[in-house]
Amino acid sequence: MVILGDQLSPKMSSLNQADKATDIILICEVAAETGYVAHHKKKIAFVLSAMRHFARELEALGWTVDYVKLDDEDNTGSITSEIERALERHDCRSVLITEPGEWRLREALEAYAAAHPIPVRMLDDDRFVCSRGAFADWAQGRKQLRMEHFYREIRRKTGLLMDGDQPVGGRWNYDSENRKPPKDGMDFPTPLRGPSDEITNTILTMVGDRFADHFGSLEPFWFAVTRNGAEAAFDQFVETALSNFGDYQDAMLSEEKYLFHAVIALYLNVGLLDPLAVCRRVEKAFHDGAVPLNAAEGFIRQIIGWREYVRGIYWRQGPDYVKENFFGHTRALPDFYWTGETDMACLRACVEQTRSDAYAHHIQRLMITGNFAMLAGVDPKAVHEWYLAVYADAYEWVELPNTLGMSQFADGGLLASKPYAASGNYINRMSDYCGDCRYKVSKKTGPDACPFNYLYWDFLARNREKLGGNPRLARPYSTWDRFESDRQQDFQRSADQFLEKL
Ligand code: FAD
Ligand code: DLZ
Ligand code: SF4
């Protein structure tokens with residue numbers, strides 16, 4: 001049987017179906033997976049080190065593991081060609097695998113299975129609360145696939161934060177209490193830093209040599225690479241940050257990369273943490289009186305709501321979802337997404353922290369880098385490839401709907417009821433970025449004005465045909481209509497001048 005780099009879970013469909021006494025587990029580091037986008041160096045090091053540690057964990061549990069390293073001389077470079085090579089080494093009658101998390105690899109495995117006589121059994125990935133089939137049933141016949149409706153169904157199904165058939169506290173969602181700007185003088189916890197060991201050090205040397213031209217700083221490397229390490233990092237989050245998670249979920253600060261966020265998506269997405277176990281732990285913290293309801297509910301919603309929902313959307317939309325481009329945007333991704341060299345302090349801070357830690361929290365991804373790309377008319381596929389490469393937690397099943405659907409509105413509103421477009425005013429309210437910026441957030445047009453201000457109005461004006469009928473945009477469009485035509489032209493002129501130089 002085959003285990004992929006994001007299938008590092010001892011309880012998983014393929015392992016549940018296999019037999020320790022007779023089956024051989026193939027785990028392979030391959031160039032096709034380290035290179036389908038130019039992943040951040042820290043992401044490659046994290047995945048490879050976690051894979052090597054997982055192989056040890058399996059061996060300790062009594063499994064036979066055949067592990068192929070990236071620098072093995074005979075490594076053929078792809079999962080399917082390594083399966084082929086392994087079949088020459090072992091006397092196997094079938095290949096067993098839990099389905100991969102991306103259309104790309106799924107299609108390659110299906111093509112392999114169709115072209116070879118050996119039976120390939122691909123099992124559902126049962127590490128999610130909602131299977132692909134259950135999502136399809138839920139979506140069937142609905143006009144709109146709203147996350148909130150899906151989330152309530154999963155709350156009922158799991159019983160998380162439920163009091164009989166009613167939500168604990170009487171409300172399903174406490175988001176209205178979760179949009180506080182940061183306060184001066186707050187103390188922020190730091191995510192737990194995992195210790196390095198020989199396996200990780202070897203990987204760091206190899207990644208440093210082999211992927212020197214990839215984006216991002218390799219060191220300091222601090223991610224946990226084992227299940228125990230990931231659990232310890234999550235425990236620390238519950239004890240030190242969770243109680244403030246809800247209140248300051250949308251806040252952004254230049255000197256604080258993590259605020260009260262968990263920094264666990266990378267562990268969940270490779271299988272070092274189990275989503276349901278994580279939610280049960282948070283529910284317990286609430287029942288023990290350690291954290292308020294808005295924090296526990298907000299956190300659980302992200303995992304059994306958003307995380308499960310975007311996965312359902314990814315598989316439902318099919319391999320062509322990636323081609324959607326509702327606005328017809330064609331601009332190349334600006335260089336500063338890689339270099340960080342821009343006068344816009346908010347974008348500079350987000351890119352710099354992405355480069356140093358392969359991490360930015362949700363609002364930075366959505367309202368800074370994502371918002372800017374959409375306002376500036378960047379090709380959504382280029383935006384998607386950037387997000388897929390630069391974050392340690394990025395896998396297409398979760399990244400693509402978030403980027404293409406939620407942040408770029410490139411699916412025309414399947415996932416979001418309106419584009420997440422915002423002017424500098426929002427960024428200034430939720431962050432401390434603007435104080436350090438060469439642009440003035442209070443200025444609306446001209447060379448010193450905050451670019452988000454005029455780009456926002458220009459975006460709405462140029463897309464009126466597509467967005468004008470959206471009831472959630474009625475207010476900004478009526479504000480636009482009340483502007484004098486000179487003012488409207490000023491906005492558009494400032495936007496044209498800025499975009500020309502971009
Ligand atoms: P926290 O803020 O502490 O949230 C807790 C957990 O909730 C996360 O670990 C994650 O598992 C889950 N979660 C929260 N929001 C979402 C969401 N919108 N979709 C799915 N799960 C969510 N998340 C990824 O896991 N991988 C990605 O590649 C990814 N790409 C994104 C791209 C864009 C443009 C945007 C706007 C969001 C993206 N997200 C992605 C969602 C979210 O930003 C990250 O899950 C989160 O920032 C990870 O940090 P954290 O663990 O500190 O999360
Ligand atoms: C992300 C990643 C990387 C960097 N390297 C490997 C690898 O060498 N071998 C492997 O099996 N998986 C790797 N992965 C994870 C895969 O890309 C992931 O399993 C697919 O994208 C499907 O989600
Ligand atoms: Fe960003 Fe505008 Fe604020 Fe500068 S002024 S940090 S560009 S929002």
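Predicted model: local features only at pLDDT ≥ 70, side-chain atom pairs only at ≥ 80, totals over all residues.
In general, an α-helix has 3.6 residues a turn, so residues three or four places apart point the same way.

Residues are numbered from 1 along each chain as its sequence is written, chains are lettered from A and ligands numbered from 1 in the order in which they are written, and side-chain values use heavy atoms, leaving out hydrogens and water.

Taken as a whole, the chain contains 23 helices and six strands; helices (H or I, at least four residues) and strands (E, at least two) are DSSP runs numbered from the N terminus. Its radius of gyration of 23 Å agrees with the value near 23 Å for a compact globule of 502 residues, where the radius is taken over C-alpha atoms and the globule rule is 2.2 Å times the number of residues to the power 0.38. Along the principal axes, the C-alpha atoms fill a box of roughly 80 × 55 × 50 Å. Of the 502 residues, 58% are buried. Among contacts with a separation of 6 or more, 76% join residues 24 or more positions apart, a contact being heavy atoms within 4.5 Å.

Thr-200 lies in helix 8 (residues 198–210) and counts as buried, because its relative accessibility is 2%. Setting aside residues up to four places away in sequence, Thr-200 touches Ser-49, His-53, Phe-221 and Val-225. Gln-302, in helix 13 (residues 293–317), counts as partly exposed at 23% relative accessibility. Beyond its neighbours within four places in sequence, Gln-302 is in contact with Phe-245, Gln-249 and Arg-307. Lys-443 belongs to the loop between helix 19 (424–430) and helix 20, and is partly exposed with a relative accessible area of 36%. Its partners, not counting residues up to four places away in sequence, are Asp-448, Ala-449, Cys-450 and Asn-453.

The backbone also deserves attention. Most residues other than glycine have a negative phi, and most peptide bonds are trans. The bond from Glu-219 to Pro-220, however, is cis, with omega near 0°; Pro-220 is placed in the loop between helix 8 and helix 9 (227–240). Leu-259, although not a glycine, has a positive phi of about 45°. Leu-259 sits in the loop between helix 10 (242–245) and helix 11 (265–270) and is buried, with a relative accessible area of 2%. Phe-409, likewise not a glycine, has a positive phi of about 55°. Phe-409 is found in the loop between helix 18 (396–407) and helix 19, and counts as buried at 3% relative accessibility.

Methods:
Buried < 20%, exposed > 50% of the residue type's maximum accessible area, 1.4 Å probe, protein only.
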